[in-house]
Amino acid sequence: MDKFRMIFQFLQSNQESFMNGICGIMALASAQMYSAFDFNCPCLPGYNAAYSAGILLAPPLVLFLLGLVMNNNVSMLAEEWKRPPGRRAKDPAVLRYMFCSMAQRALIAPVVWVAVTLLDGKCFLCAFCTAVPVSLLGNGSLVSGLPPPELARLLARVPCPEIYDGDWLLAREVAVRYLRCISQALGWSFVLLTTLLAFVVRSVRPCFTQAAFLKSKYWSHYIDIERKLFDETCTEHAKAFAKVCIQQFFEAMNHDLELGHAHGALAAGPTGSAAPAATEGADEEREKLRGITDQGTMNRLLTSWHECKPPLRLGQEEPLVGNGWAGGGPRPSRKEVATYFSKV
């Protein structure tokens with residue numbers, strides 16, 4: 001159990017590296033999923049485009065949502081976005097920074113899926129097989145004699161070699177090579193554009209907005225650390241509350257049992273059995289309660305934390321004027337008193 005606790009603490013302390021690793025694993029998994037996926041084009045004029053669009057767009061959307069769900073900061077972002085302002089105003093720049101950080105990692109696996117799909121060419125071939133220029137690649141003299149529905153039916157079967165029967169009009173290999181060439185060109189263009197965009201976002205943007213970037217990054221880390229420390233404090237308080245509650249229950253049961261024995265043996269004289277004094281461990285647990293010793297007070301504390309978080313200014317002696325991100329008015333001077341103790 002201790003080993004699992006150590007691993008969990010290590011992952012929490014290295015959350016950014018851990019999330020980068022998870023995103024990389026999801027990217028490799030998306031490529032492996034596509035290679036194992038059995039692509040079956042319907043080879044029908046009315047269904048080829050819809051089937052291809054679903055294969056190209058639906059899995060990336062699922063991977064993107066999984067990337068967001070696996071990120072622990074999603075709940076923190078939603079909580080910070082929906083909480084009441086209270087004594088601490090919400091900074092939109094911090095919320096944008098948090099969302100962009102999560103979206104950048106969650107987009108890795110969908111980008112890999114789209115790139116692999118375009119480079120493979122099957123999806124593009126199925127979607128645009130009816131748009132092949134037959135007059136340029138095939139027997140253009142026969143095109144005018146075919147009605148449009150019949151021509152679309154023939155071209156829609158290009159991705160299916162076992163049922164394609166239009167070699168007299170257009171060689172299937174020519175159409176396949178033509179469409180796959182365009183698909184691979186689009187795939188490499190997509191990879192190049194996403195790489196350049198990632199470079200601009202990660203490297204160039206902070207250079208132009210360095211001050212705003214540092215502020216957003218700092219307060220984003222602060223919100224994350226504050227939430228973790230609050231959860232740890234609540235967990236410590238809950239453990240101490242449970243221990244004291246259980247100790248009081250056993251002490252009360254022991255006291256009742258001793259009273260019952262004393263009443264049964266009244267003829268032998270009273271057996272003064274006061275409740276046992278609290279042990280040193282119990283005193284330590286009560287100190288961890290920080291004065292919160294009942295359910296109603298704890299519920300009010302949690303509600304107050306959600307509705308009115310403390311202002312971000314330490315040592316504040318009077319209420320803030322304005323929001324919690326910046327205080328108002330001069331601070332009063334403090335008197336310093338030095339106390340000396342001497343040993344006798």
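A nonpolar core is taken here as a set of buried Ala, Val, Leu, Ile, Met, Phe, Trp, Tyr and Cys residues joined through side-chain atoms within 4.5 Å. Buried means under 20% relative accessible area, exposed means over 50%, and partly exposed lies in between, with a 1.4 Å probe and protein chains only. The structure is a predicted model, in which local features need pLDDT of at least 70, side-chain atom pairs count only at pLDDT 80 or more, and totals for chains, interfaces and linings use all residues. Residues are numbered from 1 along each chain as its sequence is written, and side-chain values use heavy atoms, with hydrogens and water left out.

The largest nonpolar core has 16 residues, and those with the most contacts inside it are V134, L151, V158, L169, L170 and L179. Helices α7, α9 (148-156) and α10 (172-208) each supply at least two residues of this core. A second, separate core has 10 residues, among them L68, V94, L95 and I223. L179, listed above for the largest core, touches F124, L125, F128, C129 and V132, leaving aside residues up to four places away in sequence. Contact means heavy atoms within 4.5 Å.

Helices (H or I, at least four residues) and strands (E, at least two) are DSSP runs, numbered from the N terminus. Of the contacts in the protein chain with a separation of 6 or more, 72% are accounted for by residues 24 or more positions apart. Of its 344 residues, 26% count as buried. The protein chain exposes about 22900 Å², of which carbon and sulfur atoms supply 65%; accessible areas come from the Shrake-Rupley method with a 1.4 Å probe, and for residues only the protein chains shown count as cover.

Which cysteines are bonded? With a disulfide defined as a pair of cysteine sulfur atoms within 2.5 Å, the count comes to two. One joins C41 to C126, with an S to S distance of 2.0 Å. The torsion about this S-S bond is about 75°, so the disulfide of C41 and C126 is right-handed. C41 lies in the loop between α2 (15-36) and α3 (48-69), whereas C126 is in helix α7, 85 residues apart. Both ends are buried: C41 has a relative accessible area of 13%, and C126 is at 0%.

C43 and C160 form a disulfide with their sulfur atoms 1.6 Å apart. This link of C43 and C160 is also right-handed, with 80° about the S-S bond. C43 lies in the loop between α2 and α3 and C160 in the loop between α9 and α10, so the pair ties together parts that are 117 residues apart in sequence. C43 is buried at 3% relative accessible area, as is C160 at 7%. Counting bonded cysteines along the chain, the disulfides follow the pattern 1-3, 2-4. Elsewhere, C234 is partly exposed at 21% relative accessibility, and C245 is partly exposed at 45%.

The protein chain averages a pLDDT of 78, and 77% of the residues score at least 70; pLDDT is the predictor's confidence in each residue, from 0 to 100. Among the elements, helix α1 (residues 2-13) has the lowest mean pLDDT (52) and helix α7 (residues 122-128) the highest (93). Over residues 266-278 pLDDT stays under 50, and the model has eight contacts beyond four places in sequence for them. Over residues 317-344 pLDDT also stays under 50, with 32 such contacts in the model.
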